[in-house]
Amino acid sequence: MPQDLKTKEDYRTLVDRYDVFLFDCDGVIWEGDHVIGKAKETLQFLRKEGKRVFFVTNNATKSRKANKGKFDKMGIQCEEKEIFTSASASANYLKSVLKFPADKKVYVLGEKGIEDELDAVGIKYSGGTNPEDNVFIDLMDFSSITSDPEVGAVLCGLDMHMNYKKYARAFKYLRENEGCHFMATNLDSTFPTHGTVHPGGGATVAPLSCALGREPLVVGKPEAPMLESIVQTHGFDKSRMLMIGDRLNTDIAFGNKGSIDTLMVLTGIDQREGFEKEDAVATPTYVLEALGDISVLA
Ligand SMILES: O=C(O)[C@H](O)[C@H](O)COP(=O)(O)O
Ligand SMILES: [Mg+2]
């Protein structure tokens, strides 16, 4: 069972125990456009203590640059190079690991965050926010679902403009183009916003997985790429790193798989029942009501 952090002494021991703090965003730092409690004060305090701070989010709707704008608006100190998103990680994965060919393009089921990150690594794309793809087609009219041999990958993330045309196109490319990669930025079933939860990136990709009868390659949490990229770039000692998140099957599993300690906060998706049950998908090292609680040390 995780250690419950409740007192000032607990918080002090935690802060002294780690040098590098990785933060999930939705449900930990903010909920929609609102900062959660005193999360900002805790982040300020950790920086004052000389800690390294990184933001590791599965939210693929915004680029790192757009996220930096969100931090600025909220008055939270942050540098763009401290932000890692499942969209930027997926673009990097296509570029560096899959060596995505320059003459191919990615078909996007997702928002601008994915497009911007593909632009950043010089990968061409179609679909996404293109108005031509964001329309309803007439019942049983498949005339616009045409082949495109240039599509070498389909990348899915949270898309708030999903429609049959996009699914049918993505499905066609994946069925017809030999070697077309099927990827998802993340598989979160839900995300917290506006005082409730709404369908997340995993819910966007599910109809396509269902039609294809197979699952996508996932690059976001809980998979390793974002953690490995931080560790390799900075040469950090994993035993001094802590992942802080609100979701067991992404954030906490990310830490468990990547062999770093984890802190679960209860301001987002999962609650105590999640890790208390016998078949818990992941177990945090620590549990804390809210990130802002640590700010009493400031
Ligand atoms: O589906 C999504 O895109 C996610 O649920 C989401 O926004 C998660 O963001 P995180 O909690 O990793 O910051
Ligand atoms: Mg979260």
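Predicted model: local features only at pLDDT ≥ 70, side-chain atom pairs only at ≥ 80, totals over all residues.
Two residues are taken to be in contact if their C-beta atoms, placed from the backbone, lie within 7 Å.

The buried positions are Leu 248, Thr 250, Asp 251, Ile 252, Ala 253, Phe 254, Gly 255 and Gly 258.

Helix 6 (residues 164–176) packs against helix 7 (residues 201–212) at an angle of about 40 degrees, and their axes are 10 Å apart. The two helices, helix 6 and helix 7, are therefore oblique to each other, and helix 6 passes helix 7 in a right-handed crossing. At this contact, Tyr 167, Ala 170, Phe 171 and Leu 174 of helix 6 meet Pro 207, Leu 208, Ala 211 and Leu 212 of helix 7. The contact comprises eight nonpolar residues, with no polar and no charged ones. In general, residues three or four places apart point the same way, because an α-helix has 3.6 residues a turn.

Helix 4 (residues 86–97) and helix 5 (residues 112–120) also pack at an angle of about 40 degrees, with axes 8 Å apart, and their crossing is right-handed. Here Ala 87, Ser 88 and Ala 91 of helix 4 meet Gly 113, Ile 114, Glu 117, Leu 118 and Ala 120 of helix 5. By class, this contact contains five nonpolar, two polar and one charged residue.

Note on methods:
Residues numbered from 1 in each chain as written. Chains lettered and ligands numbered in written order. Buried ≥ 20, exposed ≤ 12 C-beta atoms within 10 Å, placed from the backbone. Helix = DSSP H or I, 4+ residues; strand = E, 2+ residues; numbered from the N terminus. Axes fitted to C-alpha atoms, helices over the stretch in contact; angles between N-to-C directions. Parallel < 35°, antiparallel > 145°, perpendicular 65-115°, else oblique. Left-handed = near helix turned anticlockwise from the far one by under 90°. Nonpolar A, V, L, I, M, F, W, Y, C, P; charged D, E, K, R; others polar.
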